[in-house]
Amino acid sequence: MTTLPPCPRCGSAYTYEDRTLLTCPECAHEWAPGAPDAGAAGDGAPGARVVRDAVGNVLADGDTITVIKDLKVKGSSSVVKVGTKVKHIRLVDGDHDIDCRIDGIGAMKLKSEFVKKA
């Protein structure tokens with residue numbers, strides 16, 4: 001049995017092989033064994049978090065997105081409708097990846113799985 005290297009991003013010892021890549025089950029980081037940039041998150045600087053929309057496009061600060069599902073606003077009777085465009089998003093850490101301001105509703109936090117890049 002071969003010993004697999006720990007995850008270069010979080011240091012987890014529970015890595016496993018998935019075809020040609022090594023994968024960390026704790027932080028979901030994938031990398032090619034022996035790659036010179038094994039600590040990179042895929043796009044951007046080493047250790048940078050990559051946020052993807054529902055279709056798989058990489059999101060960045062300042063992007064414009066479109067909501068793909070009606071979203072109830074917690075603590076209100078308002079609903080963010082499908083097709084609502086949101087400009088100038090800001091990516092944040094946490095379970096809600098996106099901070100934004102929606103016209104008619106105000107400041108909101110959205111999950112990236114319910115939006116697509118416009």
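Strands are DSSP runs of at least two residues, numbered from the N terminus.

**Figure 1. Lining of the second largest pocket, by strand.** The model shown is predicted. β12 gives the most to this lining, with three residues. β12 spans 106-110, and both β7 and β12 supply at least two lining residues each. The volume of the second largest pocket is about 210 Å³.

**Figure 2. Residues around the second largest pocket.** The lining is made up of K69, L71, K72, K74, H96, M108, K109, L110, K111 and F114. Among the lysines shown are K69, K72 and K74. Rolling a probe the size of a water molecule over the atoms shows where empty space is left.

**Figure 3. S78 in its loop.** S78 sits in the loop that runs between β7 (71-72) and β8 (79-80). S78 counts as partly exposed because its relative accessibility is 29%, and that class lies between the limits of 20% and 50%.

**Figure 4. Contacts of S78.** The side chain of S78 makes a polar contact with the side chain of S76, at 3.1 Å. Leaving out residues up to four places away in sequence, S78 touches L71, K72 and V73. Of these partners, L71 and K72 also line the second largest pocket.

**Figure 5. S78 and G104.** These residues are 26 apart along the chain. The C-alpha atoms of S78 and G104 are separated by 9.5 Å.

Methods
Residues are numbered from 1 along each chain as its sequence is written. This is a predicted model: local features need pLDDT of at least 70, side-chain atom pairs count only at pLDDT 80 or more; totals for chains, interfaces and linings use all residues. Side-chain values use heavy atoms; hydrogens and water are left out. Helices (H or I, at least four residues) and strands (E, at least two) are DSSP runs, numbered from the N terminus. Buried means under 20% relative accessible area, exposed over 50%, partly exposed in between (1.4 Å probe, protein chains only). Contact means heavy atoms within 4.5 Å. A polar contact is a pair of N or O atoms within 3.5 Å; within protein, one must be able to donate a hydrogen and the other to accept it, and residues adjacent in sequence count only if both atoms are side-chain atoms. On a 1 Å grid over the protein atoms alone, a cavity is a set of points where a 1.4 Å probe fits but cannot get out, and a pocket is an open set with protein on both sides within 12 Å along at least five of seven lines; lining residues have an atom within 4 Å of a point. Grid points are joined across faces, edges and corners, and a volume is the space filled by probe spheres set on the points.
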